[in-house]
Number of protein chains: 2
Amino acid sequence: MKININKGVTAPKGFKAAGIHCGIKKSSLKKDLAIIYSDVTATACGVYTKNKVKGAPLLITKEHLNNKCAQAIIINSGNANTCTGDDGLEKAKKMASLCGKALNIKADDVLVASTGVIGVPLNIDAIKDGIPIAIAQLNSYGGHSAAEAIITTDTATKEISIEFQINGTPVVIGAMAKGSGMIHPNMATMLSFITTDLNIDAKLLKEALKSSVDISYNRVSVDGDSSTNDMVVILANGLANNDNINEKDHNYYTFLEALNTLNIHLAKEIAKDGEGATKLIECNVSGCKNEKSAEILAKSVINSSLVKTAIFGSDANWGRVLCALGYANTEFNPNLVTVEFACETDSILVCANGCYVEFDEGKAKEILLKDDVKININLHSGKASATAWGCDLTYDYVKINGDYRS
Amino acid sequence: MKININKGVTAPKGFKAAGIHCGIKKSSLKKDLAIIYSDVTATACGVYTKNKVKGAPLLITKEHLNNKCAQAIIINSGNANTCTGDDGLEKAKKMASLCGKALNIKADDVLVASTGVIGVPLNIDAIKDGIPIAIAQLNSYGGHSAAEAIITTDTATKEISIEFQINGTPVVIGAMAKGSGMIHPNMATMLSFITTDLNIDAKLLKEALKSSVDISYNRVSVDGDSSTNDMVVILANGLANNDNINEKDHNYYTFLEALNTLNIHLAKEIAKDGEGATKLIECNVSGCKNEKSAEILAKSVINSSLVKTAIFGSDANWGRVLCALGYANTEFNPNLVTVEFACETDSILVCANGCYVEFDEGKAKEILLKDDVKININLHSGKASATAWGCDLTYDYVKINGDYRS
């Protein structure tokens, strides 16, 4: 498995992409329109937000994926096209049909995504004018440019590609994502577009995507808000010419492992780049009766504003970790819990049997001053475990979100 | 019904209180030990946090209330005596027994409460030395002094008393509370002590307290974290000599109305005084199929970090309100929703049928610049409604919580 974090959606065979500024964002320096295109029709599927308020683009994408294939994706940033009524639905459809027409493919082979402010009419004219410009720029090195065009308050693009082999045949998966703010378990304000030249059955592709999303993007939280628009879609165009994967054999699991690595990498990048974040927080809960319970506990810790601010301040306030475990909606015995804070190179035990232990505050501070902080919790009640990722809560989070629209 | 916000727990007949500095908090200027005492044994009951990690004092109080009566309450601030193992339980018991001995009453007629940092051994010697000093200062004007001794990061004491009549006999309820940080639906990091000279049956007292807590403290959120220690207790000593309330007649409802007014007042004070808060946010959800659903939706809006920061920035970003409704765990039709922002004197419609409407941004800003902001939501799907309270999320919240322990 070869990982490359400098190439994204155009790494697999037969994919082209481009990103341009079309005029949705105010600053002409900021790209706001991306197109991904596959040379041939691809097997495709998606996973969507569970928010009951759903963006118009998401509804259209879902409809267009009924036939389980797609050949292009058009994405704008700067406007979510959500809470925009029938007008919004019309415009999301229009994005697909204009893009399909210009690419000479069917409108329902085009998927649509939007991200940005909610409840503002979408400037469809800017998109209309932008489409031919973006299409003219489509090329097999355009992944980075597309990745730039989908970000909002993100401070960096998020891309990765992985090469692996299926019975000796090289296969590549690539992806780009955007996150920042509102990122929450259950697929929230986050877009991830995955491309691969793998040859795989549609049903298995969907199954792999779903299970991979569950242990990656769905275990990330920035501020506990889950969003209206977000989705992960995957296009598999088969151009690697590997033996078709149509059962859950070792080839399927080889693919799944690569897909998990790819999605967990992006999920961590998203967590780390949460609005105003200075640190990535990883919470590992082990010794649990079952994985679901471990997941609920890990997410509860990651979501706690009090834990997040303590980590921002590099304060070993482990009582807040216990508190966050305690209000999570799952049963456990508080009197068996151990907690340690850790970084890449060191760790320190701060709580055993649900009670304080003597520890070196100086060493704890040193660990918590790192950019990458782990909270390791053991319930000593079973063998299941789960990991969740988040970020600290900082002054800048408040600053960024206090006046987002202007 | 006469409301007095300058008198608290010593307003009803036969109650004395005192608050002193005994040495748990570092600064000798800050009080940290309070005692409330009733001249006679009172009918008593409590409601407790649902956090699975429970503070030692709470376990002792629960035990001491098995006989449904109490005569004194001892409370320390500066240390929660939680996650302190058997040592913590011993010390909580000790607080009750030392206080009982000094007051010449049974230890199990003394209730215990603690608030402050979690997971640090309690300085029981300081409390031991403080008890006789506090008892010597017990007096029927000592309510305010006690209210000062229970606060932590609160910026103000929270007291209220209400006078009403039962069949022509004057009755008084008084209370003091502390909040700030970690305040969340379901009785979190919050202490409220209610005293009354009402003569009432124990079972009805408990029922009234529970129903009142459900629509007051349990509808408040500061940061979504629910705490380990918190409780509301009420002592009714009967010294008003009213006709005993032993059924749900109009006298019971007269009392309940006064109790609700008292608790809602304190709940709003707690929300307004959330750590770093500059504004009280009230979210009213109406037009709902049932009250439970209205409550879930109102709390979801109040808990959203993105809504909180938008209100801090006086930014009419109503899309975040829709988003928070959408991820709440209850069904509704997003296409029927109206949202307005309001203050005491004005209001502005910002969303109808789940979609944007034209509105005057200047006027919206003016409303949102007020200290007391309302978010009024109508689902147009029924007749039930609910209100929840919270506060904005500010730079100072992050500052206060980034290094709480030092």
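The model is a predicted one, in which local features need pLDDT of at least 70 and side-chain atom pairs count only at pLDDT 80 or more, while totals for chains, interfaces and linings use all residues. Residues are numbered from 1 along each chain as its sequence is written, chains are lettered from A and ligands numbered from 1 in the order in which they are written, and side-chain values use heavy atoms, with hydrogens and water left out.

Across all chains, the structure holds 4 aromatic pairs. Among them is the edge-to-face pair of Tyr252(A) and Tyr253(A), at 5.0 Å centre to centre and with 85° between the planes. For this count, rings of Phe, Tyr and Trp (its six-membered ring) pair if their centres lie within 6.5 Å; planes under 30 degrees apart are stacked, over 60 edge-to-face, and the rest tilted.

Disulfides are another matter: searching the whole structure turns up 0 of them over all chains, a disulfide being a pair of cysteine sulfur atoms within 2.5 Å. Cys351(A) is in no disulfide, and its nearest cysteine sulfur, that of Cys83(B), sits 6.0 Å away. Cys351(A) is also buried, with a relative accessible area of 0%. For Cys22(A), the closest cysteine sulfur belongs to Cys99(A) and is 12 Å off, too far for a bond. Cys22(A) counts as buried too, at 16% relative accessibility.

Ser381(A) sits in the loop between strands E15 (372–378) and E16 (384–391) of chain A. Helices (H or I, at least four residues) and strands (E, at least two) are DSSP runs, numbered from the N terminus. With a relative accessible area of 28%, Ser381(A) is partly exposed. Leaving aside residues up to four places away in sequence, Ser381(A) touches Gly287(A), Cys288(A), Lys289(A) and Leu336(A), where contact means heavy atoms within 4.5 Å. Ser286(A) is 95 residues from Ser381(A) in sequence, yet the two are 8.8 Å apart in space, C-alpha to C-alpha.

Over in chain B, an open sheet of 7 strands runs in the order E9-E16-E11-E15-E12-E13-E14, with mixed pairing. Two strands pair if DSSP finds at least two bridges between them. Strands E9 (220–221) and E14 (355–356) of chain B stand at the edges with a single partner strand each, so one side of each has no neighbour in the sheet. E9(B) and E16(B) run parallel and are joined by 2 bridges, with Val220(B) partnered by Trp389(B). By contrast, E11(B) and E16(B) run antiparallel, joined by 7 bridges, and here Cys288(B) has Ala384(B) as its bridge partner. Strand E16 (residues 384–391) of chain B has 6 of its 8 residues buried, so it is largely enclosed by the rest of the structure.

Strand E11 (residues 280–288) of chain B also runs parallel to strand E15 (residues 372–378) of that chain, with 7 bridges between them; the partner of Cys283(B) in E15(B) is Ile375(B). Helix H10 (residues 361–368) of chain B lies across E12 (338–342), E13 (347–352) and E15 of chain B, at about 120° to E13(B). Axes are lines fitted to C-alpha atoms, for helices over the stretch in contact, and angles run from 0 to 180 degrees between N-to-C directions.

Technical notes: Buried < 20%, exposed > 50% of the residue type's maximum accessible area, 1.4 Å probe, protein only.
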